Amino acid sequence: MAAPQARFTVPRPPVKRVVMSPTDSDRRPDPDVLLARVRDEETRARRGRLKVFFGATAGVGKSYAMLEAARRQKADGVDVVIGYVELHGRPETEALLDGLEILPPMPLEHRGIALTEFDLDAALARRPALLIVDELAHSNHPGARHPKRWQDVEELVAAGIDVYTTVNVQHLESLHDVVAQITGVDVRETVPDRVFSAADEVELIDLPPDELLDRLAEGKVYVPDKARHAAQNFFRKGNLIALRQLALRATADRVDAAMREYRERHAISATWAANERILVCVGPDPLSMRLVRSAARMASATHAQWLAVYVETPKLVRLPQAARDRILQTLRVAGELGAETANLSGESVAATLIDFAKTRNVSRIIVGKPLRPRWRDRFDVSLVDELIRQSGTIDIYVISGEAGQESPAPPRIPKRSSRWPNYLLALAVVAVATGVSTLMSGRFERTNVVMVYLLGTVLVAARFGRGPSVLAAILSVCLFDFLFVPPQYSFGVSDTQYVITFAVMLTAALLISHLAALGKRQASVARQRERRAAELYALSRELARRRTIDELAKFLVRHVLSSIDGEAAVLLPDAEGKIQDPEHFTDRGSPRAASSAVRYPVPGNDLGIAQWAYDHRKKAGLHTDTLASATAMFLPLNALKRCIGVLGLRPTDPRQLQIPEQLGLVEALINQAAVAMERVQLAEAAQEADVQVASEKLRNVLLSAISHDFRTPLATIIGSASTLRDSDAALGAERRRALLDTLLHEAERMNRLVGNLLDLSRLSEGRIELRRDWVAIDELIGAVLARLHGVLDGHPVTLALPPEPPLVPGDEVMLEQVLSNLLENAARHTPKGTAIEISARAGSDALEVGVRDHGPGFATGEETRLFEKFHQARPESAQSGFGLGLAICKAIVEAHDGTISARNAPGGGAEFRFTLPLKAPA
Amino acid sequence: MSEPRTTLLLIEDDPQIQRFLSTALDAHGYTLAVAGTGEEGLKAAATRQPDILIVDLGLPDISGLDVIRRAREWYARPILVLSARDKETDKVAALDLGADDYLTKPFGIGELLARLRVAERHLAARSGAPGDAKVRIGDVTVDLSAHRVQRNGADIHLTPIEYQLLTTLARHRGKVLTHRQLLREIWGAAHVESPQYLRIYMRALRQKIEADPARPRWLLTEVGVGYRLADDLASANTTI
């Protein structure tokens with residue numbers, strides 16, 4: 001085929017419009033924007049590149065051009081694979097496939113028909129450098145992972161694979177309406193504009209309409225039979241010209257966008273547009289879809305941000321499911337077209353809308369032109385009028401329904417549940433009123449009798465609603481007329497005054513019932529809001545209390561299931577990021593723990609869906625764009641920095657998850673829980689780091705202990721022992737004795753070191769367990785002095801004890817250690833010959849014990865640091881232990897609920913005091 | 001001396017300690033057999049019937065406590081326990097199971113020999129030799145037959161419980177008695193969980209017996225375990 005096409009290759013405009021915070025009113029390149037661009041470029045570097053071959057209609061040669069490009073790449077040595085190509089029986093195109101690797105399509109079966117589909121998983125597994133996937137707008141058959149092919153392509157690109165694809169202008173979402181208007185053909189398969197504008201490269205394949213028609217006639221586009229049909233409908237010359245124009249314009253827009261991006265990148269700020277923000281209000285009527293598309297076009301023309309909102313009033317809560325689905329669908333389309341969407345609720349659509357518009361700094365509001373009989377305008381203010389009245393500086397755009405297109409009547413709001421009991425009660429009230437009136441008649445004026453009926457009617461209006469109150473009013477009027485107004489027992493009225501009575505009664509009934517209903521509705525809306533706020537508040541408070549991921553997960557599941565009937569589980573990834581079967585799952589509020597050996601298996605390939613949701617940080621499964629045929633929805637627990645896991649939710653009735661407020665609540669719960677879980681994870685990580693620092697320190701101390709503190713005595717022992725063995729004869733008795741003394745002394749020193757190491761392990765366990773008993777401190781001091789006989793040699797010890805010190809509750813062995821550590825400490829840090837004083841004094845609720853030496857004391861400011869682990873007064877001292885003695889004392893005394901302190905005594909020397917409570921803890 | 005050498009059985013798995021004790025005890029006139037595991041030790045004890053059993057609490061097969069429990073079913077002679085430091089509960093358990101005394105590792109040979117001498121004396125007492133009617137505790141004399149306690153000929157007045165406490169310790173002189181054993185002996189089985197009485201009476205007893213009650217020479221505290229009346233080593237040496 002000759003290539004008469006003109007090709008315009010356009011670089012890629014921004015992946016998405018630079019996100020600006022809503023309060024930003026000017027467009028100077030602020031740091032956030034620049035950061036976003038850097039991030040943008042980083043993600044683009046990891047992502048594959050998407051190239052779109054873009055055309056006005058089928059038959060312009062997109063597939064041909066794409067395959068040619070693919071062949072060129074292949075010739076350059078690129079790993080090219082054909083993922084899927086639509087041949088339409090065109091031999092020229094088919095010839096181009098020759099020599100290219102083709103991915104086998106995935107067989108699918110739908111309602112007994114065998115189908116084939118592009119195999120996404122095979123493509124991801126094959127991982128070519130460049131993949132060819134025709135027809136971006138194609139809708140996948142049920143059973144594929146995504147409903148749309150463009151979603152497959154997005155995943156491929158995200159996985160780092162370059163993709164070539166084709167698309168026609170009529171498939172662009174925002175142009176859908178325009179194309180439909182021009183051609184009269186409603187295109188069902190659409191591609192969101194953002195996918196198109198996110199493409200790294202767009203190549204326009206342009207073919208003049210006449211040539212296209214020639215090719216059609218030659219049978220190069222469709223097989224001849226189909227071609228004739230096509231020529232009569234879609235391929236009219238007028239259509240082709242219009243479509244070509246649209247395609248050229250779309251391409252030109254990209255050029256424009258590219259230039260704008262260049263300007264922003266290079267800080268050329270002169271022509272930056274004013275910041276527009278457009279709000280479109282959608283409702284249940286089909287016109288809304290048009291509104292959304294118009295808004296999208298307007299937003300893209302003015303480079304504005306735009307929002308699509310749905311205002312739910314109490315009346316609309318009762319909409320039928322189909323209408324609600326349509327609203328959700330409209331909002332989803334709006335989201336795909338780049339809008340921010342919101343669900344608002346309020347009593348009045350106009351007021352809520354204006355409120356929201358003002359808080360979000362909206363400059364234009366788009367609403368639909370109401371389709372309704374003119375007479376209603378006289379009685380009821382339309383939404384448009386109300387909006388215009390309240391809008392202030394905001395522009396209101398009113399879009400009309402299409403001429404000639406019959407807009408289906410707005411859906412009727414169904415009546416609420418049967419009210420027959422209310423009508424019966426109304427009858428009863430009227431009957432009572434009649435009874436009372438009969439008793440009164442004759443004795444009271446008729447005007448008073450009518451008051452009884454009025455009272456009854458008012459009661460009915462206030463309690464039972466409009467219908468019953470009207471019934472009550474009419475019945476009351478009739479009965480009053482029949483029974484009490486002359487002529488009696490006939491409906492005739494002699495006095496026209498009574499007509500006024502009737503009218504007043506009817507009006508009062510209507511008015512009061514309306515007011516009562518309004519009041520009730522407002523109360524119920526307020527209650528609902530209050531409930532939701534309370535729920536979220538309670539939730540965040542509860543979440544803050546949970547300390548482990550597991551607790552948080554159970555809590556989340558319980559809360560989700562309190563509003564949705566079904567089963568749920570939190571699925572967490574293992575260390576490698578593979579989602580695991582849950583340890584617990586909960587079915588309608590009754591938690592079932594899976595046995596520890598067998599985790600509750602998630603049915604079918606749902607675990608795979610959960611994995612997908614986790615990997616892509618997007619929801620998947622039921623009611624989503626990804627694997628919608630699943631019976632459960634999988635929502636990722638996205639925290640600020642990472643995805644914590646996935647919530648699997650299988651509702652008993654799948655429609656529960658389509659209700660926006662339900663899903664909104666679930667998502668709010670999930671967000672809060674995810675943040676709480678991240679907090680827990682971070683706290684755990686921080687704690688781990690702390691523990692690591694501590695254990696690192698411990699390791700160092702141990703290493704130095706083993707290398708120095710142990711080797712020194714060992715060296716002496718080995719030296720002395722070997723001397724004794726090898727040169728026994730040469731040694732005199734005196735020298736032998738000296739060596740033996742050294743041996744013994746050094747061995748005892750090692751024994752002390754081992755004792756210290758044991759203490760270290762006791763301390764690092766973190767908790768001291770006491771075996772409480774009654775301890776006589778005098779006895780304990782005596783025992784310690786006996787045990788430390790050798791250590792205290794050369795230090796006269798004086799005792800100042802009361803004659804009968806009270807017994808204290810405590811652990812004798814532990815307290816002995818406190819005393820001996822303090823005494824050893826005193827002996828070690830003071831010169832020989834200096835005295836050590838031990839004192840005890842009983843207070844009213846505690847016993848105080850003091851150990852005082854007459855050495856140099858310690859440096860001021862050391863008072864508290866002395867009790868820290870590994871603190872050593874003189875680090876290089878050969879006599880050193882591990883600096884643990886006092887830390888152990890502190891830990892033991894505090895385990896006894898006592899206190900310990902150190903000070904330099906007034907007369908010189910260090911003094912340590914500790915107290916022990918006299919009463920055992922309760 | 002002409003009397004037969006005392007036979008010992010050491011149940012201990014560490015070869016270095018085995019060697020050290022074999023050498024040292026042989027030099028001091030004891031005949032020592034060694035068993036490396038608890039089961040082996042029990043078998044050897046049954047066949048050899050040693051005079052004194054020395055059991056290490058940390059054995060490779062069964063715990064030393066089990067060895068004591070099972071040995072006590074048929075073995076009535078002294079059992080000496082070797083244990084690691086800061087295992088006071090194990091020591092108390094061993095004593096309550098019927099062990100006679102304990103030694104904390106590491107220990108010097110002198111300590112072991114002292115314990116063995118005490119054990120030998122109790123062995124002699126058990127085999128029918130009449131005990132001394134008089135016990136000398138420093139300058140204090142306890143006349144068991146006359147129920148009289150004197151210091152340098154002057155009477156010391158003891159309450160009945162103090163007297164009982166002193167004589168109980170004296171009967172097992174040199175051995176450690178756990179709080180529980182003392183409480184049971186003096187107050188009866190119902191009071192074994194009330195050691196505070198014991199501390200008060202011990203304090204009172206020290207005031208009367210010891211020259212410096214704050215640094216007792218005779219009535220010794222074994223922290224976390226119990227009490228011991230110190231053996232009068234000088235007199236022990238002279239009597240043998």
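User: Among contacts in chain B between residues at least 6 apart in sequence, what percentage join residues at least 24 apart?

Analyst: This is a predicted model, in which local features need pLDDT of at least 70, side-chain atom pairs count only at pLDDT 80 or more, and totals for chains, interfaces and linings use all residues. Residues are numbered from 1 along each chain as its sequence is written, while chains are lettered from A and ligands numbered from 1 in the order in which they are written. A contact requires two C-beta atoms, placed from the backbone, to lie within 7 Å. In chain B, among contacts between residues at least 6 apart in sequence, the share joining residues at least 24 apart is 53%.

User: How many strands does the secondary structure of chain B contain?

Analyst: Helices (H or I, at least four residues) and strands (E, at least two) are DSSP runs, numbered from the N terminus. Chain B has nine helices, and its strands number 12.

User: Which residue takes a positive phi in the hairpin of β7(B) and β8(B)?

Analyst: The hairpin of β6(B) and β7(B) has two residues between its strands, and Gly138(B) in that turn has a positive phi of about 60°. Between β7(B) and β8(B), where Thr141(B) has Gln150(B) as its bridge partner, the hairpin has four residues between the strands. The positive phi there, near 55°, belongs to His147(B).

User: Is Lys43(B) buried or exposed?

Analyst: Lys43(B) lies in helix α2 (residues 38-48) of chain B. A residue is buried if 20 or more other C-beta atoms, placed from the backbone, lie within 10 Å of its own, exposed if 12 or fewer, and partly exposed in between. Because Lys43(B) has 12 C-beta neighbours inside 10 Å, it counts as exposed.

User: Are helices α17(A) and α18(A) roughly parallel or roughly antiparallel?

Analyst: Helix α17 (residues 446-464) and helix α18 (residues 466-483) of chain A pack at an angle of about 170°, with axes 8 Å apart; the axes are lines fitted to C-alpha atoms over the stretch in contact, and angles run from 0 to 180 degrees between N-to-C directions. Angles under 35 degrees count as roughly parallel and those over 145 as roughly antiparallel. Residues meeting across the pair include Val450(A) and Tyr453(A) in α17(A) and Pro468(A) and Phe480(A) in α18(A). The two helices are therefore roughly antiparallel.

User: Which element supplies the largest share of the side of chain A that touches chain B?

Analyst: The interface brings 20 residues of chain A into contact with 16 residues of chain B. On the chain A side, α24 (733-764), β21 (773-775), α25 (777-787) and α26 (812-829) each supply at least two residues. The largest share, eight residues, comes from α25(A).

How values were computed
Angles under 35 degrees count as roughly parallel, over 145 as roughly antiparallel, 65 to 115 as roughly perpendicular and the rest as oblique. Two strands pair if DSSP finds at least two bridges between them.
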